[in-house]
Amino acid sequence: TALFGRSQGGLVAALAAVGQPAQVSALVLWYPALRLPAAMRSRFGSGSAVPRAFTHRVDGRDVTLGRRYVTDVRDLDVDAELTRLRVPVLLVHGDRDADVPITVSERAVRLLPDAVLERVPGAAHGFGDERFADAMARTEAFLTWCQVLEED
């Protein structure tokens, strides 16, 4: 079984794969928001500084979130969790992503025991329609290599 996640879903998929190692044989992360806990710590400092509601940019748009959002993620040590992953991981990331800079995936690929980073030239957060097919092809090739998908 493979898990797939993009942006914040990439963080969730990575944590789920760590928590269920016997059930996950491959992981694909598109522009994963792996620095989200660190960003929340940096933005708010102590937990008491988090307002009841605040605006945060998620997948290219501003959304209103509550204090619980921060308290659920602020103490996660994502780097430590990533080093525990024992499955092949594909990171696909645009080199023009302003929401989640490609440096996030570059750091992750150094921490992960078995990972590869596929850069999508000119792509921003979400890739856009013109780069979606390229990202899908890279993902399908990886999942075929991992024997999650069968070759045609």
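Okay, let's start with Arg 68, which sits in helix H3, the stretch from residue 67 to 73. Keep in mind that this is a predicted model. Is Arg 68 buried or exposed? Its relative accessibility is 60%, so Arg 68 counts as exposed, since the cut-off for that label is over 50%. If you want a landmark, look for Pro 51: it is 17 residues away from Arg 68 along the chain, and their C-alpha atoms are 9.9 Å apart.

Next, the sheet. Which order do the strands take? Reading across, you get S1-S2-S5-S6, an open sheet of four strands with parallel pairing. How much are neighbouring strands turned against each other? On average by 15°, if you ignore direction.

Let's zoom in on one pairing there. Strand S5 covers residues 89–94, and it runs parallel to S6, with six bridges between the two. You can find one of the contacts yourself: Gly 94 has Val 120, in S6, as its bridge partner.

Now for the aromatic rings. To describe a pair of them, you give the distance between the centres and the angle between the planes. How many aromatic pairs does the model have? The count is six. Take Trp 30 and Phe 127: their ring centres are 5.2 Å apart and the planes are at 65°, so we call this pair edge-to-face. The cut-off for that name is an angle over 60 degrees.

And where do those two residues sit? Trp 30 belongs to strand S2, residues 26–30, while Phe 127 is in the loop between strand S6 (115–120) and helix H6 (129–145), so the pair ties together parts that are 97 residues apart in sequence. Trp 30 and Phe 127 are both buried.

On to empty space. Rolling a probe the size of a water molecule over the atoms shows where such space is left. What volume does the largest pocket have? About 240 Å³. It is lined by 17 residues, and the closest to the centre are Ala 33, Leu 36, His 56, Asp 99 and Val 100. Sorting the lining by class gives nine nonpolar, four polar and four charged residues.

Which elements supply that lining? Helix H2 (36–44) and strand S3 (53–58) each give at least two residues. The largest share is from S3, with three residues.

Ser 7 isn't a glycine, yet its phi is positive, near 55°. You'll find Ser 7 in the loop between S1 and helix H1, which spans 8–19. Gln 147 isn't a glycine either, and its phi is also positive, about 65°. Gln 147 is in the segment after H6.

Gln 147 comes out at 71%, so it counts as exposed.

Methods:
Residues numbered from 1 in each chain as written. Predicted model: local features only at pLDDT ≥ 70, side-chain atom pairs only at ≥ 80, totals over all residues. Heavy atoms only, no water. 1 Å grid on protein atoms, 1.4 Å probe; cavity = no way out; pocket = protein on both sides within 12 Å on 5 of 7 lines; lining within 4 Å. Points joined across faces, edges and corners; volume = space filled by probe spheres on them. Nonpolar A, V, L, I, M, F, W, Y, C, P; charged D, E, K, R; others polar. Phe/Tyr/Trp six-rings, centres within 6.5 Å; stacked < 30°, edge-to-face > 60°. Buried < 20%, exposed > 50% of the residue type's maximum accessible area, 1.4 Å probe, protein only. Pairing = 2+ DSSP bridges. Axes fitted to C-alpha atoms, helices over the stretch in contact; angles between N-to-C directions.
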